[in-house]
Amino acid sequence: MYDLKALYEAESVQDAVRLRLEHPEAQIIAGGTDVLVQMREGKRAGKELISIYGIDALRGITLDAAENIRIGSLTSFSHITRDPIIQQYINVLGEAVDQVGGPQIRNAGTIGGNTCNGVTSADSASTLFAWDAIIELTGRDGVRRLPIQDFYLGAGKVDIHPDEIQTAILIPRASYENCYGHYIKYAMRNAMDIATTGCSVNVVLSEDKKSLARVRIAYGVAGPIPTRVPTAEAAATGKPLTRETVDTFAAAVLADIHPRNSWRASKDFREHIAVEMARRCLMESIKLAGGVMA
Amino acid sequence: MSKSVGQSMKRVDAFEKATGRAKYTDDLCDRSALVVRLVHSTIAHGMVTAVDTAEAVKVPGVVKILTCFDVPDIPFPTAGHPWSTDPHHQDVADRLLMNRHVRYYGDEVAAVVAEDEVAAAQAARLVKVSYEEYPFVLDVQKAMEPDAPQIHEEYPGNILAHTQIRNGNYEEAIKEPGLIKVEGWYDTPTVQHCHIENHVCTAYMEAGRITVTSSTQIPHIVRRVCGQALGIPWGKVRIIKPYIGGGFGNKQDALYEPLCAWLTTQVGGRLVKIDCAREETFVSNRVRHAIRTHIISWVRPDGTFAARKIECFSNQGAYASHGHGVVAKGMGAFPQIYPCPNVEGDAWSVFTNKPAAGAMRGYGIPQAMWAGESHIDDVARALGREPLEYRYQIVMPKGYRDEFSKNENYYDTFRQVMDKGRKALDYDRKREEYAGQTGPVRRGVGMALFWYNTAVWPISLESSSCRMVLNQDGSIQVQTGETEIGQGCDTAYAQMAADAVGIPFEDVHVVSTQDTDVTPFGTGAYASRQTYIGGFSIRQTGQLLKERILTYAQELTRQMRSDLDVIDGKIVRITDGRELMTLGELATEALYSLEHSEHITAESTYQIKNNAYSFGCTFAEVEVDIPLCKVKLLNIVNVHDCGTLINPALAEAQVHGGMSMGIGYGLSEELKFDEKTGKPLNNNLLDYKLSTFMDHPHLQALFVENPEPTSPYGTKALGEPPACSPAPAIRNAILNATGVACNNAPMSPHVLFARFKEEGLL
């Protein structure tokens, strides 16, 4: 039995916008795998809920006219993992969200919910940061798009206006073309866990496959929100595929990440792991891109 | 005649449980029940000065709020031990239904009784509790210091109990020249049982009596404790125990049944329900004792022990519960498993401001094996010996007899299980292959033995009662006081009863539910005793029933009693093997006969004055990723000598479950507390790292079947033993892989990170 004041079920995006305006205090709920847990804990007890879970238009993955990948916000983790477009162009995202919780959670949980929660540990978030994802929000006045880095405002806070819901996540063509990536979720067990630290790296190799034309890296749980690591990216871009490049890249991550001490893990430990993850993610990404280490 | 015992019969409750039809406590609870939400202490130690319920009672649906100021002033014990009529052996009565003097973060302060869960939860959040705070202590050895906060007035220095072993002369023995001293400290964590069904109980009044339905392992004991806690005659209490979703010892305590029984008396006898949330189960039920162990071995260069010393510091938490019995059992194994003439042992159970520690699968032995088996590898290392070979030299020999318990090692069990385990894991080849690795990812193999005994004799009462009733169709109902808690004893009992009476397995209907108004007396599911103990009264009662059947058969068939037998549900003249009639025909005639009507039943009690050793081992193979501080368990094998297997498939399943618990114990599980406040930090199934299916390799269970001579069915303990040795086997495998000894469980990445840095691997 959940302590909720009222449940409003939106039938369309427009309907959801109307409900948002009518019930400004209400909490949006999609798959419910976070909201209901918090409600049970008493944190959101007694709240009104607006469910957008019935809006089928927000499900599915397509390529738009410009061949950007469009992921409907209500697409479940399991659907993302099994989607052919994802598998072809950004397989790492499917692998990352396949590490969320367990099978039941992955069937119910949505990528929109995962990002709107605003938590640093979300398994989809570091990969979306590392691939320069665009968040699409729809409100009274139409559609607003912003880079995911701007969408995250702080721990648990994202930039959604009172009349908006998140409707899609876009991966621009320029981001995924010729790009290969790898994600490591470091957790204390192999299922049903949240990341102690998550690291997502992707690379575009030079035409001769001998150097790194582009490197991007992002972490979850290395700060209050997911974060890119520009120092490391700069240190590796244009560099040859050598052990030295990988080591320089990995060591450089410490310049930009700020993990904290908590009972879940110490700062020292998280930093140590972060460096090792960067090294392994980069090596694996190079391998996936067809590169051979010198 | 087909025998049931020894066959992998399908569980008698398989279909009900697999299809979700089986009724558990909450399924049986009428929807009219009032729902209780408990208010727990938010400090680790102090005195409640006031409970303000003014706002809480205004919540619509709240019926009544009762607090620690309202409860009867009757301290009561909670441990699921048989009662002792000797006051010196009775359990410690150290808590009230709710306590003003709160002794851990999570102690019960108030109970909100409401029409539904939401009202109860809302009101519970509005109850304001004021405290006078006292200093608190979480660490067992700090609690023993002279200036430590005092938790129970009656126990100065926080020492609940201290016991000793003094064999031979330790101080003299260590003077022998040429001895090598090996010393270590070994720590185990606070863990919780994590049975799938949280503790839940309901209570109502009828005709001046209280009926409690509970998810418990020990209905008859809970009846006694409810009577004691409420100060009412024990016959005024009726306990019903339906199917339960596991217990692992947590439900071998009176948990919330006494409070629930009292609450119904406060609301006019209406049905009330206390249904623990997982967060409460972790903290406000029972946990496993964290035990810190100090071992010193004085070893001769040939590997023999001159003298050994052990000190065990057991973290009892806030209340006595099972108390000292747990660490005492653990220490008791020490001089037996590796016999040594000169042993000095001390065990302390010490109150702290942590959750109360009670029984948990293994009852002190997982802690003792963690310390003892880690230490044996340390000794082997100090001697430059291969640790498995070394154990062959020093482990308990065949024929060893413990004079106190009269337990005897009838077979050379330890060496037999080691033979089987090393072969199954391909231990010798891997040991050789993994020598001298240097890379970042290394493999290793290790093993650990365990000592166990089956039941509680001679420390405590062992008795079992059974009732059998013959139906018109020749089938029987079987009732015992021993309880099915998921382990499969109903099925084992059906097999034993079928063989004892001489009827097919399908014709035995085990009454799964215990109801203290109708079920014969029995103390319930604990130790690893159900199959062993139940076997005695089932065999005896089965024979009694058969006697009555055959006496009646003589009357009907005019054949001599001694020429008749019951075989496969038929009355058979054994002189020529002729089937004279079916048991159904006999039973129908017996019930409805106008000449001689008789309801054929049997009931008897058997008091068991034996106990039985149950030994085995774990072999483990790991891959250690040093830079990531992670251990991957590649292979794990448990080998058990639990006597003759009653049901091989169920035995294997029981071992799998225990291995899983042992893996979590070794690698990931620990209930953590905030040092500054005493608050539990991870009392939920996300943050408490119970190992999952994805963290296990294939779990291999093997058996050495040496029939136990004292058991009518040749059986002995298997419930707890599988959880006793996996953790130290994994520890020893990590030691083999990396050269790094981890003496603190669990060997989580945090612990490995620190140890690898200390040892220069990182």
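The entries that follow go residue by residue through a predicted model.

**Phe151(A).** I started in chain A, where Phe151(A) sits in helix α9, residues 148-151. Is Phe151(A) buried or exposed? I found 24 C-beta neighbours inside 10 Å, and the cut-off for buried is 20 or more, so Phe151(A) counts as buried. I then listed its contacts, leaving out residues up to four places away in sequence: Phe151(A) touches Ile135(A), Leu146(A), Val158(A) and Asp159(A). I also checked Gly118(A), which is 33 residues from Phe151(A) along the chain; their C-alpha atoms are separated by 8.8 Å.

**Cis peptide bonds.** I moved to chain B. The bond joining Trp457(B) and Pro458(B) is cis, with omega about 0°. I placed Pro458(B) in the loop between β16 (441-450) and β17 (463-470). I noted another cis bond from Ala745(B) to Pro746(B), with omega near -5°. Pro746(B) lies in the loop between α18 (726-738) and α19 (749-758).

**Positive phi.** I looked up Asp426(B), a residue other than glycine, and read a positive phi near 60°. Asp426(B) is in the loop between α12 (413-425) and α13 (427-433).

I located Arg558(B) in the loop between α15 (530-557) and β21 (564-567). How many other C-beta atoms lie within 10 Å of Arg558(B)? I got 8, and Arg558(B) is therefore exposed.

Definitions and conventions. Residues numbered from 1 in each chain as written. Chains lettered and ligands numbered in written order. Predicted model: local features only at pLDDT ≥ 70, side-chain atom pairs only at ≥ 80, totals over all residues. Helix = DSSP H or I, 4+ residues; strand = E, 2+ residues; numbered from the N terminus. Buried ≥ 20, exposed ≤ 12 C-beta atoms within 10 Å, placed from the backbone. Contact = placed C-beta atoms within 7 Å.
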